[in-house]
Amino acid sequence: MALPFATAIVPAAGLGTRFLPATKAVPKELFPVIDTPGIELVAAEAAEAGASRLVIVISPGKDAVAEYFRPQPELEATLEERGKTELLGRVQRAANLIQVETAIQDQALGLGHAVGCAEPNLRPEEEAVAVLLPDDLVLPTGVLSRMARVRAERGGTVLCAFDIPRAEISAYGVFDVDDTDDPDVKRVNGMVEKPPADEAPSTFAAAGRYLLDRAIFDALKRITPGAGGELQLTDAIALLISEGHPVHVVVHRGGRHDLGNPAGFLRAAVDFALAHPEYGPDLRDWLRGRIADG
């Protein structure tokens with residue numbers, strides 16, 4: 001049986017304005033969660049789900065994001081000479097994860113435009129493509145594999161959703177859904193962006209994981225740009241729904257971290273550090289004392 005998808009697209013062309021001035025020199029996708037950049041965590045998730053290629057959509061000047069996945073022979077040789085075997089393995093890990101290539105987004109014209117920039121990277125035989133937003137860490141990993149199984153069973157496009165308390169739902173894009181025979185799989189009728197809590201069609205909010213049928217690229221060419229001339233991926237998905245294309249969401253019952261803002265990034269770092277066998281115990285003790293001190 002053919003793999004459900006071979007290529008994963010990671011849009012990484014943004015300026016990282018919420019992290020300025022640090023992002024003047026370092027792309028936020030390379031900021032480390034403990035010692036591993038968020039982009040590597042996302043690449044590992046894609047590889048775990050079966051992707052063999054990662055297309056990173058970058059803006060001019062952000063080549064460092066893709067360069068991170070290239071071998072570093074001089075550094076690796078130095079570490080090997082010094083007997084730092086474990087550290088050498090960590091340095092080599094990204095280059096061995098997945099085949100990485102880039103697509104260029106010359107202008108910031110929305111997520112839909114970014115995804116469309118990667119279309120030439122796909123091979124003719126590919127019928128679906130995954131999209132992972134690098135700001136979103138979806139935990140535990142594995143939702144993409146579940147989404148691939150749902151696509152195999154039901155066809156079309158499959159998205160990821162979280163069940164959010166209704167009081168908080170107005171901060172999200174919210175799906176209008178119908179139930180299926182699986183309580184964690186919903187048929188999507190439409191989507192409402194940041195509705196008032198009492199008007200939200202459900203409590204299922206969009207997360208940064210998509211498994212898109214190849215038809216999405218034709219839809220992106222047919223939608224109308226919105227504010228600022230941006231092409232929105234959700235508008236293209238809505239167009240497919242209106243034309244009878246099946247779209248489902250998988251409700252993920254785990255957690256998530258938003259690496260796109262400093263507060264979310266700090267939470268992710270603390271969460272990962274607390275789970276780390278070397279750093280976790282000392283950090284936990286320190287946090288207890290720090291909180292007790294006010």
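Phe19 is buried in this predicted model, with a relative accessible area of 11% (buried means under 20% relative accessible area, computed with a 1.4 Å probe on protein chains only). The model is a prediction in which local features need pLDDT of at least 70 and side-chain atom pairs count only at pLDDT 80 or more, whereas totals for chains, interfaces and linings use all residues. Residues are numbered from 1 along each chain as its sequence is written, and side-chain values use heavy atoms, with hydrogens and water left out.

A search of the whole structure returned four aromatic pairs (rings of Phe, Tyr and Trp, the last by its six-membered ring, with centres within 6.5 Å; planes under 30 degrees apart count as stacked, over 60 as edge-to-face and the rest as tilted). One of them joins Phe19 and Phe31 in an edge-to-face arrangement, at 5.3 Å centre to centre and 85° between the planes. Both residues lie in the loop between β1 (7-11) and β2 (32-33), twelve residues apart (strands are DSSP E runs of at least two residues, and helices H or I runs of at least four, numbered from the N terminus). Phe31 is also buried, at 13% relative accessibility.

Phe19 forms an edge-to-face pair with Phe265 as well, at 6.0 Å centre to centre and 75° between the planes. This pair links the β1-β2 loop to helix α9 (residues 262-274), across 246 residues. Phe265 is buried at 13% relative accessibility. Phe19, Phe31 and Phe265 form one aromatic cluster.

Elsewhere, Arg256 lies over the face of Phe162, 5.2 Å from the ring centre (NZ of Lys or CZ of Arg within 6 Å of the ring centre and within 35 degrees of the ring normal).

Conventions:
Buried means under 20% relative accessible area, exposed over 50%, partly exposed in between (1.4 Å probe, protein chains only).
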